[in-house]
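Biologist: Can you walk me through this one? I'd like to start with the sheets.

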Amino acid sequence: MNQRATQPAPDQEAPTFVRELITLGTSSQVPTRFRNHNGYLLRYADQDLLLDPGEGTQRQLARAGLRADRIRKILVTHFHGDHSLGLAGMMQRICLEGGEGPVHVLFPASGHAFYERMLEASIYERTVDFVPVPIERQGLVFDDDRFKIWARRLSHSVETFGYRIEEQGDDGQTVAHVMDTRRCKNAVWLATDVDLLVSECTYLASEEREAKDRGHMTARHAAQVAKEANAGRLILTHFSQRYTRSRPFLQEAKPIFHDVKAARDLARFPFGPGAAAVEAARQRTKE
Ligand SMILES: [Zn+2]
Ligand SMILES: [Zn+2]
């Protein structure tokens with residue numbers, strides 16, 4: 001087996017560490033033949049952040065050739081299964097791989113019981129210090145010398161917080177994680193002037209009625225949020241199982257917001273300094 005294929009991007013692609021978003025899973029509600037439950041890994045030079053780990057996130061991480069021991073923060077927007085069922089497995093995996101911790105776990109305070117159950121779901125040696133950060137009200141919810149993380153309430157069927165992750169320092173990048181929600185002011189607030197906006201878009205505009213009823217956005221909504229917020233790049237994800245192709249989502253979003261990509265499982269989106277060079281190099285190897 002080709003060893004390199006299972007490893008993170010080779011270092012020779014860029015002289016320094018290049019930040020990346022890896023979309024581990026991109027399906028809403030249920031995993032499909034082609035898409036896993038949600039799961040997003042943000043890679044920084046010194047640590048990884050894991051967002052909304054749905055069922056099967058462990059396996060997706062392995063398929064991406066990544067380890068769990070660099071994860072220092074886990075952010076959960078809400079406790080629907082497609083955003084949280086993987087929490088138990090991932091916490092155990094971090095321990096198994098000898099993660100150093102502490103690992104901060106951010107989630108809506110109303111779901112504290114679910115967090116506790118995930119933490120105690122089965123037998124394992126808890127060698128890592130997991131620090132729960134239950135969020136009761138929106139605002140600045142985490143602050144250290146590396147990251148400021150802001151939470152804002154979104155408009156879904158259950159209590160949901162979106163996140164704005166501001167990396168500190170001169171080159172610091174800002175990422176917004178917006179899911180699940182109807183189009184709302186807080187989504188725009190979270191995404192204002194970010195480098196990268198990761199947004200749910202469960203439906204196409206033809207299903208706008210259903211989107212509103214169920215507390216979700218269409219591709220057009222997500223593009224409108226990105227435009228209004230002056231985001232740098234938009235990554236669309238969290239697609240309903242009824243759609244097997246992502247092209248219609250891009251066709252709907254692009255006329256409103258040009259720099260948009262549709263996520264697929266295990267896709268890698270470099271961002272920040274050096275990202276353009278990495279993307280160009282990958283494009284060349286594809287051609
Ligand atoms: Zn969802
Ligand atoms: Zn949901």
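Biologist: Which strand order does the open sheet with β14 have?
Modeller: The order is β6-β5-β4-β3-β2-β1-β14, 7 strands with mixed pairing. Strands pair if DSSP finds at least two bridges between them. Helices (H or I, at least four residues) and strands (E, at least two) are DSSP runs, numbered from the N terminus. Keep in mind that this is a predicted model: local features need pLDDT of at least 70, side-chain atom pairs count only at pLDDT 80 or more, and totals for chains, interfaces and linings use all residues. Residues are numbered from 1 along each chain as its sequence is written, while chains are lettered from A and ligands numbered from 1 in the order in which they are written.

Biologist: Which are the edge strands there?
Modeller: β6 (130–135) and β14 (267–271), each pairing on one side only.

Biologist: How do β5 and β6 pair, parallel or antiparallel?
Modeller: Parallel, over 6 bridges, with β5 spanning residues 103–108. His 104 has Val 131 in β6 as its bridge partner.

Biologist: How many bridges join β9 to β10?
Modeller: 4, and the two strands run antiparallel. Tyr 163 stands opposite His 177 in β10.

Biologist: Why is α7 largely enclosed?
Modeller: Because 8 of its 11 residues are buried. Buried takes 20 or more other C-beta atoms within 10 Å of a residue's own, exposed 12 or fewer, partly exposed in between, with C-beta atoms placed from the backbone. Arg 220 and His 221 are among the buried ones.

Biologist: And what does Ala 226 contact, beyond four places in sequence?
Modeller: Ala 191, Leu 197, Ala 231, Leu 234 and Phe 257. Contact needs C-beta atoms, placed from the backbone, within 7 Å.

Biologist: Which residues touch the most others in the largest nonpolar core?
Modeller: Ala 226 is one of them, along with Ala 191, Leu 197, Ala 222, Leu 234 and Leu 236. That core has 73 residues. Such a core is a set of buried Ala, Val, Leu, Ile, Met, Phe, Trp, Tyr and Cys residues joined through C-beta atoms within 7 Å.

How values were computed: Two residues are in contact if their C-beta atoms, placed from the backbone, lie within 7 Å.
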